[in-house]
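Reader: I have not seen this structure before. Please take me through it by question and answer.

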Amino acid sequence: MNLKPIFVLIIILSLIMWLSQCEYGAEHQDVDPKYKNAHITAVSAQKLMKEKQFEEALRYYELARQEMEHPNVQANQGTDVYINYGFVMNDIGVIHLGWALYGKKLDTERSHIDPASIDSAELQTALQSFETAIDFYQRWFGHNPKDYERYSNAIAESYANYGTALKYADRQDEAIEAYRLALLRNPENGTALRGFELLQLPSEPHVEAGKAERERYKKLPL
């Protein structure tokens with residue numbers, strides 16, 4: 001069963017809402033001086049995303065990524081408290097996923113997505129971006145085990161988006177697993193819940209597993 005085209009538009013709109021709550025910006029972080037340039041650039045990218053200027057937003061996200069990967073910064077190593085590298089890679093993936101399915105103009109008025117019209121190169125870039133975000137979050141949490149809530153919400157977002165990209169890559173079993181992992185980390189993740197609904201599969205067992213996982217972490221000593 002194909003996912004409805006409007007589903008990807010929902011992902012993009014959900015991302016814009018997520019940006020208003022995530023951990024960028026001076027209002028959320030005391031930024032180490034070595035992250036200053038990357039931080040300012042990422043904030044600019046966010047603002048452009050909210051304004052739906054996706055090409056310009058991507059340019060700023062890529063600049064932020066370069067700043068974070070600089071040998072003097074190495075924010076992509078996930079060893080400290082700076083989590084924004086994962087957010088940037090997730091957002092890059094969302095832009096490329098939208099372009100893969102709708103083209104650069106994000107023509108979401110189409111009634112369906114023809115698999116033959118999907119831009120495979122853009123889709124592959126989206127998949128790789130989500131994989132990088134997921135890998136970063138896992139390594140980051142290994143060094144920051146006390147911050148489970150922040151980690152779980154962030155990685156769930158990337159797993160859910162990854163699941164959608166996998167679905168359109170005709171990798172349905174992997175997509176289902178990605179949605180399952182999203183709900184394991186955040187049982188309220190809307191993208192994963194919609195994914196199961198559109199696949200006509202039950203999400204309830206995975207939601208219950210996610211609730212149990214959160215309770216388990218609450219009981220762990222800090």
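This is a predicted model: local features need pLDDT of at least 70, side-chain atom pairs count only at pLDDT 80 or more; totals for chains, interfaces and linings use all residues.

Reader: How far does helix α6 reach from its first C-alpha to its last?

Author: Helix α6 covers residues 148-168. At 1.5 Å a residue, a span of 30 Å is expected for α6. The reach in the model is close to that, at 30 Å.

Reader: Which residue with a positive phi follows α6?

Author: The helix itself ends at residue 168. After α6 comes a residue whose phi is near 65°, and that residue is Asp170.

Reader: Which element gives the most residues to the largest nonpolar core?

Author: This core has 63 residues, and those with the most contacts inside it are Tyr61, Met68, Ile95 and Tyr137. Elements that give two or more residues to the core include α2 (36-50), α3 (54-69), α5 (120-143) and α6. The most, 12 residues, come from α4.

Reader: Which residues does Met68 touch, leaving out those up to four places away in sequence?

Author: Met68 is among the residues with the most contacts inside the core. Contact here means heavy atoms within 4.5 Å. On that basis Met68 touches Ala38, Val73, Gln74, Ala75, Asn76, Tyr82, Asn84, Tyr85 and Val88.

Reader: What share of the protein's residues count as buried?

Author: The protein has nine helices and zero strands. A residue is buried when its relative accessible area is under 20%. Of the 222 residues, the share that counts as buried is 50%.

Technical notes. Residues are numbered from 1 along each chain as its sequence is written. Side-chain values use heavy atoms; hydrogens and water are left out. Helices (H or I, at least four residues) and strands (E, at least two) are DSSP runs, numbered from the N terminus. Buried means under 20% relative accessible area, exposed over 50%, partly exposed in between (1.4 Å probe, protein chains only). A nonpolar core is a set of buried Ala, Val, Leu, Ile, Met, Phe, Trp, Tyr and Cys residues joined through side-chain atoms within 4.5 Å.
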